[in-house]
Amino acid sequence: MISELKENERIDELHRNGYQIIQNPKGFCFGMDAVLLSGYAVVKEGEHVLDLGTGTGIIPILLEAKTKGRYFIGLEIQEDVVDMAKRSVKLNRLKEKVEIVHGNIKDASQIFGRSVFDVVTCNPPYMNENHGLKNPELPKAIARHEILCNLEDIVRETAIVLKPRGRFYMVHRPRRLVEIIEMLSKYHLEVKRLRPVYPMVGKEANMVLLEAVKGGKPLLKLEEPLIIYKEQGVYHDEIYSIYGY
């Protein structure tokens, strides 16, 4: 399997079920936000899951390891990243449970149809047109900036592909929270849970995890903060648990 690695690629351990993932540091590697989202999303036995903008396939692979979901699909637009994610699925012998599909988030409902998934997850580009952009062709820029799709594209397509009462899980930046909630409401996705993430006590929140339900009634639970570090370089116990250490 090592022979299938391409230039600049490496294999990293995921500390779940012995799974590994192929990544290219010259492109874009998954971050803590993806791992936290995989720990926040609730996937019940037998459910079908779609991950929008899956990148390396990290979220479908981790959700397969952590839950009893039936089938997991990752949708990704960058062909070279799709190839890499497919090889990670093969590496972990997950072809019966995890599928990587090449396509644009904007076309998700055309690719998969209406009301087909129990759960949709997304670790989207955080930055909109108000943030500076050096090179829109770079994989890192595509992953971080709303170049190929924006927040409304993600929410609209999620609302179409989710089953009634289906659940949507997303990680994003707190500064865009008002916009996010308004957009979800526009497409009849009601935020039910919200958890702010802080790098350390005394610091500002730098992430927010949320769950929204298609056709849900307004009733929001603001959950206790998730603190990443006890002190510099030392995670809180919950973070070690999420990572699987």
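Helices, of at least four residues, and strands, of at least two, are DSSP runs numbered from the N terminus. In this predicted model, His15 lies in the loop between strand S1 (10-13) and strand S2 (20-23).

**Loop residues with positive phi**

- His15 is a residue other than glycine with a positive phi, near 60°.
- His15 counts as partly exposed because its relative accessibility is 41%, between the limits of 20% for buried and 50% for exposed.
- Ser115, also not a glycine, has a positive phi near 55°.
- The loop that holds Ser115 runs between helix H4 (108-112) and strand S6 (117-122).
- With a relative accessible area of 33%, Ser115 is partly exposed.

**Aromatic pairs**

- A pair of aromatic rings is described by the distance of the centres and the angle of the planes.
- The model contains five aromatic pairs.
- One of them joins Tyr40 and Tyr169, whose ring centres are 6.3 Å apart; their planes stand at 80°, so the pair is edge-to-face.
- This pair links distant parts of the chain, since Tyr40 belongs to helix H1 (residues 32-40) and Tyr169 to strand S7 (residues 162-172), 129 residues apart.
- Both Tyr40 and Tyr169 are buried.
- Tyr235 and Tyr243 have ring centres 6.1 Å apart and planes at 10°, so this pair is stacked.
- Tyr235 and Tyr243 are both buried.
- Tyr229, Tyr235, Tyr240 and Tyr243 form a cluster linked by ring pairs.

**A charge over a ring**

- Arg193 is placed over the face of Tyr40, 4.2 Å from the ring centre.

Definitions and conventions. Residues are numbered from 1 along each chain as its sequence is written. This is a predicted model: local features need pLDDT of at least 70, side-chain atom pairs count only at pLDDT 80 or more; totals for chains, interfaces and linings use all residues. Side-chain values use heavy atoms; hydrogens and water are left out. Buried means under 20% relative accessible area, exposed over 50%, partly exposed in between (1.4 Å probe, protein chains only). Rings of Phe, Tyr and Trp (its six-membered ring) pair if their centres lie within 6.5 Å; planes under 30 degrees apart count as stacked, over 60 as edge-to-face and the rest as tilted. A charge sits over a ring if NZ of Lys or CZ of Arg is within 6 Å of the ring centre and within 35 degrees of the ring normal.
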